[in-house]
Amino acid sequence: MTTTVAKAIEGDEGTDSPYALSHLDALESEAVHIFREVAGEFERPVILFSGGKDSIVMLHLALKAFAPAAVPFSLLHVDTGHNFPEVLEYRDRTVAKHGLRLHVASVQEYIDRGVLKERPDGTRNPLQTLPLTEKIQAEKFDAVFGGGRRDEEKARAKERVFSLRDEFSQWDPRRQRPELWNLYNGRHAPGEHVRVFPLSNWTELDVWQYIAREGIELPEIYFAHEREVFQRAGMWLTAGEWGGPKDGERTEKRQVRYRTVGDMSCTGAVDSDATTLEAVITEIAASRLTERGATRADDKMSEAAMEDRKREGYF
Amino acid sequence: MSSITEPIEPLSVEQLSETTLLRFATAGSVDDGKSTLVGRLLHDSKSILTDQLEAVQRASASRGQDAPDLALLTDGLRAEREQGITIDVAYRYFATPRRRFILADTPGHVQYTRNMVTGASTAELTVILVDARNGVVEQTRRHAAIAALLRVPHVVLAVNKMDLVDYREPVFAAIAEEFTAYATELGVPDVTAIPISALAGDNVVEPSATMDWYGGPTFLEHLETVPVAHDLSHCHARLPVQYVIRPQTAEHPDYRGYAGQIAAGSFRVGESVTVLPSGRATKIAGIDLLGRPVDIAWTTQSVTVLLEDDIDISRGDLIVPSKDAPPTTQDIEATVCHVADAPLTVGHRVLLKHGTRTVKAIVKDIPSRLTLDDLSLHPHPGQLVANDIGRVKIRAAEPLPVDSYADSRRTGSFILIDPNDGTTLTAGMVGESFASPEPVRDETEDDGWDF
């Protein structure tokens, strides 16, 4: 008997019924329901896995949803070629530990073949869309789990849990299906696919609290550590072969951590002393900056940067 | 809005850990002050952060506006900003030390019925705003009717713009009384009226200094304390089977678990259960709550149930207590809201998704269309177009274990899907439309006898 069960039987004088779930339990249960719906209704689902905290939480939820059986999905990583080495190491270790199958769509390979051209600003984030969508078509994935959350960005606040993409992987916000009760509609024509966002209703803080509650291991770059960084467009970027620092940019050693994991050329570090999960949670709860505002250069390109990339098929 | 960049106290880790979640929806009308109320809630709960506000300030300045346009915070799409309209439901998130909130922010413009139905379908509370100067208007009654149709457990009437009626109690009292009477007649179980000024901040987060005649909670206090789950003793327990878990490994050679999210009520180990539609009976041998064995599990928990007998069960089946099984039927009568642009017509062949089961179905009859303004029934409309609410008779290709929506929002609801292109056509609620203080009588069967 667990404490929650005892509480339920004894009754509770509090404001909530004893049968009310804590917010993390409610979010977890909803996400698991979404994973199981996809397993029940689709032929070839795949989980987008970057080694970032959201995709790590997605994988954790999928493991719980189907335990003691294996996760009935493979993983897909869009490798920009500018990844943090710690994250790639984490990715490969996780895939091996759970006996999963990993697909990789490589931006570098597209650049080497001359299909994609390096941008003058060096960021590869917008270049991910083509390798991603071509991999989805080539592997005939019909459901693609993404770790996107509606609290991240105002275009994402409009996103459905089940989001239909046409044969060009495009998102049309005007033609979204209403989502009623928990009756998700995954119907799609051959060539189309559905992007599925089990963490839609989670916030950055929920993700961190859940990581703490479940004791989930993360790549070290999420915790404060000393790192060689330099400043560009108001952000601390990690120096490296990907193209920084350039003339006039000076590196320095700073105590930093990352709030998001992405392409090194556009993912900034934040000054931080938070070396534990508890310290990270306290820091985020007090922060006056959103996760993306603090650490993503590409979202600042225009007022509709995220919407425009999403329309093209970005995750 | 005042004090937009003033920092507030961060929450402690303990405060954040065991809060509950409330899903609520706003019923939007144009110019009722909804964006201001949403803006104030988001702002005062620290959900508008500096970089978001700076982005709004930049965008507003580049348009030549003097003050930041807070609508830019919530209008997330290019087309919305260009046209100054809100296209679709957006979901927003904020938290207080006591509770987490998911707000379905529904636009008040065209297509409001389907948007409000979408928002209200997952909401435990609906906020209906009225302008204190105008009182209960047609739109207010329409919002109350949709909340009643969707059986949202709690309704808040926020009487806004009290500052424009000199904060006078009689103005509020008259509106509250008129609305409560109307909502109660529709069967809304719980109505709370709160006088507010979203612009000035009265009774939104802080108690009003100018309305000392009001002794109730502020809007946020009410959101924080309203009960979020119900007494399960009156609920019929229901578990739609989503997926069969069979590891077939050396460690678990015989494990066969039926995974699903409990739609209503609770289940206990040892309980006698029946599987529908087959009607086979067995007992619950074990319940796994995401890897942890438990003795009891209840509504909205995602679980895996193990049964004593090896019987044939697959996705789409419904596990229920043997002593409390719903009837199975192929003929469903329901109130529906049509959410697609193409009309729903008699003879329409559709797919019906109920719980985890999707079956073929045909629209046999559309006996009436409801006029939300005065709740009158328009007989035999022939079709339902976008945003119409009507009564529909549907014949399903297989028997379905449906509950009345009044008894169970999860197992009494369904959607209709276009089999050709997959469009979600219609939201359906089985059984009577509105809760009624008196039993609803079918006039065609009234032969004058009084038993």
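Predicted model: local features only at pLDDT ≥ 70, side-chain atom pairs only at ≥ 80, totals over all residues.

Q: Which ones are they, the buried residues of helix 7 of chain A?
A: They are A:Glu204, A:Leu205, A:Asp206, A:Val207, A:Trp208, A:Gln209, A:Tyr210 and A:Ile211.

Q: Now the whole of chain A. How many helices and strands does its secondary structure come to?
A: Chain A has ten helices and ten strands.

Q: What share of chain A counts as buried?
A: The buried share is 63% of the 315 residues. Of the contacts in chain A with a separation of 6 or more, 73% are between residues 24 or more positions apart.

Q: How far apart are the mean positions of the positive and negative charges in chain A?
A: They are 3 Å apart, for 43 positive and 54 negative charges.

Q: On to chain B. How many helices and strands there?
A: Chain B has nine helices and 25 strands. Its 451 residues are 56% buried, and it exposes about 18,800 Å², with carbon and sulfur atoms supplying 48% of that area.

Q: How many residues does each chain bring to the contact?
A: Chain B brings 95 residues and chain A brings 76. The area buried between the two chains is about 7,300 Å², and carbon and sulfur atoms give 56% of it.

Q: Which residues in chain B lose the most area to chain A?
A: They are B:Tyr93, B:Leu290 and B:Trp298, which together account for 10% of what the chain B side buries.

Q: Let us stay with B:Leu290. Is its phi positive or negative?
A: The phi of B:Leu290 is positive, about 50 degrees, although the residue is not a glycine. B:Leu290 sits in the loop between strand 12 and strand 13 (292-294) of chain B.

Q: Why does B:Leu290 count as buried?
A: B:Leu290 counts as buried because its relative accessible area is 11%, which is under the 20% cut-off.

Q: Where is B:Tyr167?
A: B:Tyr167 lies in the loop between strand 5 (154-160) and helix 8 (169-186) of chain B. Its phi is near 55 degrees, again a positive value in a residue other than glycine. B:Tyr167 is buried, with a relative accessible area of 17%.

Q: One more topic, cis peptide bonds. What is omega for the bond from A:Ala67 to A:Pro68?
A: Omega is near 5 degrees for that cis bond. A:Pro68 lies in the loop between helix 3 (53-66) and strand 2 (74-79) of chain A.

Q: And which residues does the cis peptide bond in chain B join?
A: A cis bond joins B:Leu276 and B:Pro277, with omega about 10 degrees. B:Pro277 is in the loop between strand 11 (272-276) and strand 12 (280-289) of chain B.

Conventions. Residues numbered from 1 in each chain as written. Chains lettered and ligands numbered in written order. Heavy atoms only, no water. Helix = DSSP H or I, 4+ residues; strand = E, 2+ residues; numbered from the N terminus. Buried < 20%, exposed > 50% of the residue type's maximum accessible area, 1.4 Å probe, protein only. Contact = heavy atoms within 4.5 Å. Lys, Arg positive; Asp, Glu negative; His and termini not counted. Charge placed at Lys NZ, Arg CZ, Asp CG, Glu CD. Areas by Shrake-Rupley, 256 points an atom, 1.4 Å probe, with all protein chains shown as cover. Buried area = accessible area lost by both parts, 1.4 Å probe.
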